[in-house]
Amino acid sequence: MHRTPWSILADTRPLSPGDKRYVPRPWGGGERLAVLVENGLSPIAVTGPSGSGKTTELNHAARVLGDGAVFPLLLRIDALMSLADATPGVVLFVVAEAMLDRVIAQDPGLIPSKSVIEDIRSSDPRLPRGKGMRRSPSDLLAVVHAEIQRMLGHHGQVALLLDGLDRVAAPVARAAVEGFLDVKDVLPIVVVVDPELATGPMSRSLLTRYRVFGLPALPVGDDASGHRGFEHLVGVLRARLHDAYTDEYRDIAHRAAEKSGGVVRTFCEILADAASYASIEGAPGPTVQSLSDAIRDRSDSLRRTLQDGDAEALALANGSDGLEVNLERRIRFLSQGLLLEYADGENSIVRPHPLLDRVVESRVPKKPTRKKPTPKKRKASK
């Protein structure tokens, strides 16, 4: 099969800090996140649907912070440990250990004290070793942070940017997020979490003690906001495809944007699939027909994830704040991207994913038609 330049869109890995393909979000991206950290508005929990750009924006925030007075420690939990072995204590421990390792790796001239190294070895909840003081995970995190600040001197405030907690089982992630609060007054913290951790009554502690930084889906429509959302997605295409994207593809891109729901990864994946279908016929890029084929595939895949009653619940929630959907189902909808959140002025609304439009529309209750009253016959006057 002939591969076109559009196949690069199939690579949907998050962009690394400083990647030249980064396109600033029109609302609340990494730049804004960095400003909040610099101004002491942490701890912060970053959340949003899968593919919305949480990791990319966190990485960009790290780059922005690194250009200023903040020393960002960008860590990814699933690169530090097996998530199958994750417990709250282990998560906090490996983060504390990795923070020190990262600082030393970036400046080998910095020498940590022997006592802190011994305390780290003795505090490993999986296999304590050595003769240091065995500390609780939160206490160890505070000790490591203090040691890093000692080594750095007046060269800047350390900030922890932790990615990957959205991949950890919710109870473990929730307890770990609670554990980080023990050092929130001295260590600026940003964590990426699944929507489940920021939804419902069990999220009360996070919602009241963390600043929730949502990355909602981008609006794509005919109004001013929708136009900005679409232009952002087109900007992503230009940054990744360069000369392969021209305005002749604008209508196709707009259709893909609408069906993606304004989720960047889904937008790129739809167009990558469309280009692959088009290449079978030798076309240099996606066509109207190949886009329809790609949309059909994606719609079918998403439809197969639905359970009994889901379509009716999605139809009921459309355009609301989502509270009509029972909590368990709402969490699943948000985590799986079946229900997308959009900014609506000072509030937010939810809409079913556009790939499910046909399924959802068939479940919208039809308004009963009112029969016109039959006029009464007037009695003939005698």
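## Conventions and basis

Angles under 35 degrees count as roughly parallel, those over 145 as roughly antiparallel, those from 65 to 115 as roughly perpendicular, and the rest as oblique. The model is predicted: local features require pLDDT of at least 70 and side-chain atom pairs pLDDT 80 or more, while totals for chains, interfaces and linings use all residues. Residues are numbered from 1 along each chain as its sequence is written, and side-chain values rest on heavy atoms, with hydrogens and water left out.

Helices (H or I, at least four residues) and strands (E, at least two) are DSSP runs, numbered from the N terminus.

## The parallel sheet

Five strands form an open sheet in the order β2-β3-β4-β1-β5, with parallel pairing; two strands pair if DSSP finds at least two bridges between them. The edge strands are β2 and β5 (211-214), each of which pairs on one side only. From one strand to the next, the twist averages 20°.

Strand β2 (residues 70-76) pairs with β3 over seven bridges in the parallel sense, and Leu75 has Leu162 of β3 as its bridge partner. On β3, Leu161 is bridged to Val190 of β4; three bridges join β3 to the parallel strand β4 (residues 189-192). Strand β1 (residues 44-47) and β5 pair in the parallel sense over four bridges, and Ala45 is partnered by Val212 of β5.

Buried here means under 20% relative accessible area, exposed means over 50%, and partly exposed lies in between (1.4 Å probe, protein chains only).

Together with helix α7 (residues 170-180) and β4, strand β3 makes a right-handed β-α-β unit. A crossover is right-handed if, with the strands pointing away from the viewer, the path from the first strand over the helix to the second runs clockwise.

Helix α2 (residues 54-66) lies across β1, β2, β3 and β4 and runs at about 155° to β2. Helix α6 also packs on the sheet, touching β2 and β3, and its direction makes about 135° with that of β3. Axes are lines fitted to C-alpha atoms, for helices over the stretch in contact, and angles run from 0 to 180 degrees between N-to-C directions; contact means heavy atoms within 4.5 Å.

The axes of α4 and α6 come within 9 Å and cross at roughly 10°. The two helices, α4 and α6, are therefore roughly parallel to each other. Their contact includes Leu92, Phe93, Met99 and Val103 of α4 and Leu140, Val144, Ile148 and Met151 of α6.

The buried residues of helix α5 (residues 114-122) are Val116, Glu118, Asp119, Ile120 and Ser122.

## Two buried helical residues

Asp293 is placed in helix α12 (residues 288-303) and counts as buried at 15% relative accessibility. Its side chain makes a polar contact with the side chain of Arg296 (3.0 Å). A polar contact is a pair of N or O atoms within 3.5 Å; within protein, one must be able to donate a hydrogen and the other to accept it, and residues adjacent in sequence count only if both atoms are side-chain atoms.

Leu334 lies in helix α14 (residues 327-336) and, at 9% relative accessibility, counts as buried. Not counting residues up to four places away in sequence, Leu334 touches Pro49, Pro195, Thr199, Leu339 and Glu341. The C-alpha atoms of Leu334 and Asp194 are separated by 9.0 Å, although these residues are 140 residues apart along the chain.
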